[in-house]
Amino acid sequence: MKLGIVSAILDGYTFEETIDTVASLGFTCAEMACWPGGKAERRYAGVTHIDVNELNDKRIEQIKNLCKEKNVTISSLAYYPNPMDGDPAKRAEAVEHLKKLIPASRKLGIGMVTTFIGRDQTLSVEDNLKLVGEIWPPIIALAEKEGVRIGIENCPMLFGRDQWPGGQNLMTTPAIWRKVFEMLPSPNLGLNYDPSHFIWQMMDYIQPLYDFSDKVFHVHFKDVKIHPDKLNAVGIMAYPLDFMSPKLPGLGDVDWGKFISALTDIGYDGFACIEMEDRAFEGSREKITDSLKLSKRYLEQFVI
C-alpha cells in the first residue's frame, strides 16, 4: 500500500507547497483536491490544488516533473460535490466539473477520480436510484472512453440539519452498492472506501472489503469516535454530529490492525490516504502538520 494524504486539509497551499509538504513528511502519494474556484459550501470543500480549467500542456508537464522530482504520486483527482442535487443548477454545475476532471486525470497520467455519487436528500432511496440511472451513465461512458476509474466514497453526507433528512450521497451501504453496480456494470466504477462512515452507522466495516474486493479502487484512512453518553441521550436517528466526532487514525473507534489486515487479505496494494477532519488539530499550519506526523507515525506500524 502507498500511504499518503487527502490534500484538502492543506487549504491555502499552492500545488507546489502541497507536494513539498507531502514529500517532506515522508508520504508517497496525495489525493489532490480539484474543486472549481469559488467559495466552499462546507468544511474541507472548495480547495483547489490543481485547477483543471488552467490545465494546458505546459502546466501538465510542470505537475508531472515536480511529482517525479519529489517522488510523490497523485493517487486521484478529488472532487466531492452532489451530482444529484435537488437544485438542477447545482446538479448541472457538479456534473460539468466532474466531466472535466476525467480527461484531466488521463492527461496527467493518474487514471482515477474520487467523488460522491450524490443524492437528492428529499427523495427516497428508490427515487434516487432512478436518478442514478438518468445522471450517471454518460459520466461512466466518459470514464470508460478516457480509461479513468471513478471511486465513490461511502460517506452519507448527513451530519446536521443542512443535509436532513436523507443526506447528500446515496452509496453508503453494501445493499445500495450492489444495486448501483448492477445498474452500472462498469469496471471503471468502484469505491473509495472509508471505514469511519460505517462506524457511526453502526455497521461492520471489515466484511464489505471481502465482499467488494474487486471494487476497492482507493482507501481513506479516517477515524471516528462515538460518544456513548451522547448517543444514549439522542439515539441513532439524531444528527450524527450530535453523537460522534471525526478523529485522527488511532484516536477513534476503528480497529486499524483488523482493517489493514483485511486489506492485505484481499491483496489491496493501492493508495491509502489519510483524511483529516479532527477539529482538535485545526487552527494553524503547525497543528495540521502535527496531525499528519502523528497519523503517519501511528499507521506505519501497519503500512510501510
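**View 1. Aspartate 127 is partly exposed, with a relative accessible area of 32%.** The model shown here and in the other views is predicted. Aspartate 127 forms a salt bridge with lysine 130, and the closest N and O atoms are 3.8 Å apart. Both residues belong to helix 4, where they sit three residues apart, about one turn of the helix. Lysine 130 is exposed, its relative accessible area being 56%.

**View 2. Asparagine 128 is a buried residue of helix 4.** Helix 4 covers residues 125–146. Asparagine 128 counts as buried because its relative accessibility is 0%, and the cut-off for buried is under 20%. A polar atom of the asparagine 128 side chain lies 3.2 Å from the backbone oxygen of leucine 123. Leaving aside residues up to four places away in sequence, asparagine 128 touches Met84, Arg119, Asp120, Leu123 and Leu170.

**View 3. A salt bridge joins arginine 59 and glutamate 16.** The closest N and O atoms of this pair are 2.9 Å apart. Arginine 59 counts as partly exposed at 21% relative accessibility, and glutamate 16 counts as partly exposed at 33%.

**View 4. Lysine 70 and aspartate 20 meet through their side chains in a salt bridge.** The N to O distance is 3.3 Å. Lysine 70 is in helix 2 and aspartate 20 is in helix 1, so this pair ties together parts that are 50 residues apart in sequence. The relative accessibility of lysine 70 is 31%, which makes the residue partly exposed. Aspartate 20, at 35%, also counts as partly exposed.

**View 5. A network of salt bridges links Asp194, Lys222, Glu275 and Glu277.** In the whole structure, a search finds nine salt bridges. Lys222 and Glu277 are also among the residues that line the largest cavity.

**View 6. The largest cavity has a volume of about 40 Å³.** The structure holds one cavity of 30 Å³ or more. Its lining is made up of Phe159, Ser196, His197, Trp200, Lys222, Asp223, Val224, Met244, Pro246 and Glu277. Helix 6 (196–200), strand 8 (223–226) and strand 9 (244–247) are the elements that give two or more residues to this lining. Helix 6 provides the largest share, three residues. By type, the lining residues divide into five nonpolar, two polar and three charged.

Terms used
Residues numbered from 1 in each chain as written. Predicted model: local features only at pLDDT ≥ 70, side-chain atom pairs only at ≥ 80, totals over all residues. Heavy atoms only, no water. Helix = DSSP H or I, 4+ residues; strand = E, 2+ residues; numbered from the N terminus. Buried < 20%, exposed > 50% of the residue type's maximum accessible area, 1.4 Å probe, protein only. Polar contact = N/O pair within 3.5 Å; in protein donor to acceptor, adjacent residues only side chain to side chain. Contact = heavy atoms within 4.5 Å. 1 Å grid on protein atoms, 1.4 Å probe; cavity = no way out; pocket = protein on both sides within 12 Å on 5 of 7 lines; lining within 4 Å. Points joined across faces, edges and corners; volume = space filled by probe spheres on them. Nonpolar A, V, L, I, M, F, W, Y, C, P; charged D, E, K, R; others polar. Salt bridge = Lys/Arg side-chain N within 4 Å of Asp/Glu carboxyl O.
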